[in-house]
Amino acid sequence: MPILEVLTFPDPRLRKVSQPVAKVGPEQVEFSNAMLETMYSFKGIGLAAPQVNRLDRIVVIDTRAKDEEDRYDLSDLTDLEKKVPQPLILFNPVIVATEGNTTYDEGCLSVPSYYETVERFDVIECEALNQKGETIKFKTDGLLSICIQHEIDHLDGKLFIDRLSTVKAGRIKKQIKKRGYPERKKDPEASEKEGVE
Ligand code: NI
């Protein structure tokens, strides 16, 4: 499957609102698989369709860490996170309930190499369609919860830098304007972990 091009801020296409997927068919499944492969190739833990220039409400996520021998190390996951099978491929995801607040140093494949602390809901209940077109509903917290909220923001044309204070957002935007982004490394062996998509 092809590795898709990931748009970067300030590309105006990242600001559009994505449309619900009417039907999860073979084409949508194939596209979501290409998204997943693209996310893995850039060492991301989440990717939303508008980041690869498609305005459909599709997100892919895998927050599982890997050890030095490329085996999954689930020790950092919370009990709720462990109950959710990953990778997670969601069509039309909606957050239907929330509890509490938390913060995390977020990054984004569309704002590569920049990180800032963002406030999110701690626990969320999410409803979506899976690749079979079935409705799934689950509750989660931890990094998975943060990642889902970050990806749904993308579907609404929103980036993590929009959730910062005016001062912090201004500082990041200024740095990006001045320094730009590091060159993308597609070789997973050579690239650094980029954090939340
Ligand atoms: Ni992102």
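Two strands pair if DSSP finds at least two bridges between them. I wrote that down before looking at β6 and β7, which run antiparallel and are joined by 6 bridges. A reminder to myself: this is a predicted model.

**Entry 1: the whole thing**

I started with a count and got 4 helices and 7 strands. Going along the sequence, I read the pattern as α-β-β-β-β-α-β-β-β-α-α. Then I checked how compact the protein is. Its radius of gyration is 16 Å, close to the 16 Å that the globule rule gives for 197 residues, so the protein is as compact as a globular protein of that length. The C-alpha trace spans about 45 × 40 × 40 Å along the principal axes.

Next came the surface. I found about 10200 Å² of accessible surface, and carbon and sulfur atoms hold 50% of that. As for the inside, 48% of the 197 residues count as buried. I also looked up the contacts with a separation of 6 or more: 72% of them link residues 24 or more positions apart.

**Entry 2: the sheet**

In what order do the strands of the open sheet come? I traced 5 strands, β1-β2-β5-β6-β7, with antiparallel pairing. The edges are β1 (46–48) and β7; each has a single partner strand, so one side of each is left without a neighbour in the sheet. From one strand to the next, the twist averages 35 degrees.

Then I took the pairs one by one. β5 covers residues 88–106 and β6 covers residues 116–129, and the two pair in the antiparallel sense over 12 bridges. I picked out V94 and followed its bridge to E127 in β6. On the β7 side, L129 stands opposite T135. The hairpin of β6 and β7 has 5 residues between the strands, and G133 in this hairpin takes a positive phi near 80 degrees.

A note for later: in a regular strand the side chains alternate between the two faces of the sheet.

**Entry 3: T140**

I stayed with β7, which runs over residues 135–140, and clicked on T140. Is T140 buried or exposed? Its relative accessibility is 0%, and buried means under 20%, so T140 counts as buried. I listed what T140 touches, skipping its neighbours within four places in sequence: L80, E81, V84, D122, V123, I124, S145 and I148. Two of these, S145 and I148, fall in helix α3 (residues 142–155). That sent me to α3.

**Entry 4: helix α3**

Which strands does α3 lie across? I noted β1, β2 (58–61), β5, β6 and β7, with the helix running at about 85 degrees to β6. Just after α3 sits G157, with a positive phi of about 75 degrees.

Another note for later: an α-helix has 3.6 residues a turn, so residues three or four places apart point the same way.

**Entry 5: the start of the chain**

P2 is in the segment before α1 (26–41). With 52% relative accessibility, P2 counts as exposed, since exposed means over 50%. Leaving aside neighbours within four places in sequence, P2 is in contact with A34 and T38. I also picked Y72, which is 70 residues from P2 along the chain, and found their C-alpha atoms separated by 24 Å.

Where are the cis peptide bonds I looked up? One goes from F9 to P10, with omega near 10 degrees, and P10 is placed in the segment before α1. Another joins Q86 and P87, with omega about 0 degrees. P87 sits in the loop between α2 (79–82) and β5.

I then looked at positive phi in residues other than glycine. K43 has phi near 60 degrees and is found in the loop between α1 and β1. At 33% relative accessibility, K43 counts as partly exposed. D70 is not a glycine either, yet its phi is positive, about 70 degrees. I found D70 in the loop between β3 (65–66) and β4 (72–73).

Definitions and conventions:
Residues numbered from 1 in each chain as written. Heavy atoms only, no water. Buried < 20%, exposed > 50% of the residue type's maximum accessible area, 1.4 Å probe, protein only. Contact = heavy atoms within 4.5 Å. Axes fitted to C-alpha atoms, helices over the stretch in contact; angles between N-to-C directions. Rg over C-alpha atoms; globule rule 2.2 N^0.38 Å. Areas by Shrake-Rupley, 256 points an atom, 1.4 Å probe, with all protein chains shown as cover.
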